[in-house]
Every structure is written in C-alpha cells, then in structure tokens.
Amino acid sequence: MTSPVAPEIIDDEDINPEFVDTIVRAGADRIRTCIQCGTCSSVCPSGRRTAFRTRELIRKALLGLKEEVLTSPDLWLCATCLTCLERCPRQIKVTDAIIIMRNMAVEEGYMLPQHRKASRKLIKTGHAVPIDDANREMRRELGLQEIPPTTHASDKALQQVQEIMRRTGFIDLIEKAERE
C-alpha cells in the first residue's frame with residue numbers, strides 16, 4: 001500500500017508579495033484577474049507533450065513564489081504560441097507574463113543551458129540554429145543555395161540584427177547571465 005503524498009507546505013519566507021507587482025508593472029497587467037479555470041493549461045500545445053501546466057505557473061506567480069517560479073524548468077517550456085491568450089476568458093496575457101518571468105529569471109542568473117546556448121548562437125550568427133555542414137549539404141541536395149539569404153549570407157543584416165539585440169538589452173542580459 002502506498003502512502004499519499006503530503007502536500008507541499010509554503011512558508012512565509014517563501015512568499016514575495018512584490019513578485020506579482022513586478023510582473024504587472026512589466027506589462028502583464030491583467031494577471032491578477034486569473035480565476036484559475038485551467039483553460040490555458042488545457043489548450044497549451046507544450047502541455048500536451050510535457051509536464052508543463054500554465055495554470056500552475058501563473059498560480060505560483062500570484063502567490064508570490066518568486067524563487068520557485070524563476071528556478072523552475074517549466075518556465076522555459078512555453079512555446080510562446082499565444083493559444084492561452086486566445087482562449088483565456090479573462091484575456092490575460094499569459095505568454096507576456098511568462099516572457100517577463102523568463103527575463104527576470106535570466107537577470108537573476110537562472111537560465112536553462114539549452115537556452116543559454118541558443119542565445120549565444122543567436123547573438124553570434126543571428127540564428128538560434130545556425131547553418132552547419134549537414135544543413136549545407138541538405139540544401140545543396142535540394143537544389144537550394146548552400147547559404148540561405150538570411151544573416152548567414154549578409155554581414156550587414158547580421159550587424160543590424162545584432163544592433164537590435166544590443167538596443168533591446170538582449171546582449172547585455174545574456175552576457176550578465178554568463179558572468180554570474
């Protein structure tokens with residue numbers, strides 16, 4: 001006979017009441033209107049293939065469980081498809097809230113290694129998945145130009161993309177996370 005799993009106990013020191021205020025000020029102003037209906041979780045394509053539960057992440061944010069949210073690998077499972085917003089009866093910008101929390105996580109030094117690697121590639125090449133020898137060969141076999149007409153083929157375009165990343169603070173954010 002298995003024993004029931006004890007519910008997780010939340011201590012006062014785990015709660016940061018300013019956490020949700022920060023999320024609201026950053027642009028997810030309707031997050032407090034969440035009624036925990038579960039629509040976001042039920043329509044989430046990532047949730048169908050992983051243990052990701054959007055509703056749970058939002059609930060923890062509303063409870064002020066900043067550390068738990070920002071260190072959670074689940075924070076990085078959202079595909080940013082906006083299906084949750086399209087179906088939310090309260091029109092909560094769930095994806096925006098998740099992106100805000102991701103940015104907060106990175107600022108505090110939490111980032112999955114895969115995202116860190118993709119971010120470095122994006123800064124260097126303008127693509128999260130740069131063209132490698134295997135991709136070049138496949139493009140040749142398909143009768144395509146070996147290098148697609150993207151930042152791979154244009155130094156000027158790459159410089160423009162890198163300038164956008166610099167101006168938006170993306171490069172600084174990633175470099176700060178790298179140092180910490």
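Predicted model: local features only at pLDDT ≥ 70, side-chain atom pairs only at ≥ 80, totals over all residues.
Biologist: Let's start with the big picture. What secondary structure does the chain have?

Modeller: The chain comes to 11 helices and zero strands. Its C-alpha atoms fill a box of roughly 60 × 40 × 35 Å along the principal axes. Of its 180 residues, 33% are buried.

Biologist: Okay, take S119. Where is S119 found, and what makes you call it buried or exposed?

Modeller: S119 is found in helix α8, residues 113-125. Buried means under 20% relative accessible area. S119 has 8%, so it counts as buried.

Biologist: Which residues is S119 in contact with, leaving aside neighbours within four places in sequence?

Modeller: Those are M111, F170 and I174. To count as a contact, heavy atoms have to be within 4.5 Å.

Biologist: Staying with α8, how does it pack with α10?

Modeller: In general, two packed helices are described by the angle between their axes and the distance between the axes. For α8 and α10 (residues 155-167), the angle is about 130° and the axes are 8 Å apart.

Biologist: Now the largest nonpolar core. How many residues does it have?

Modeller: It has 35 residues, and those with the most contacts inside it include F19, I23, L70 and M101. Among the elements that give two or more residues to it are α1 (18-25), α4 (54-62) and α11 (170-179). Helix α7 gives the most, with eight residues.

Biologist: How do you know that this core lies between the domains?

Modeller: Look at who contributes. Domain 1 (12-107) and domain 2 (113-175) both give residues to the core, so it lies between them.

Biologist: You listed F19 in that core. What does F19 touch, not counting residues up to four places away in sequence?

Modeller: F19 touches A61, G64, L65, K66, V69, L70, M101 and M104. Two of those names, L70 and M101, also came up among the core residues with the most contacts.

Definitions and conventions. Residues numbered from 1 in each chain as written. Heavy atoms only, no water. Helix = DSSP H or I, 4+ residues; strand = E, 2+ residues; numbered from the N terminus. Buried < 20%, exposed > 50% of the residue type's maximum accessible area, 1.4 Å probe, protein only. Core = buried A, V, L, I, M, F, W, Y, C linked by side-chain atoms within 4.5 Å. Domains from an automatic or database assignment. Axes fitted to C-alpha atoms, helices over the stretch in contact; angles between N-to-C directions.
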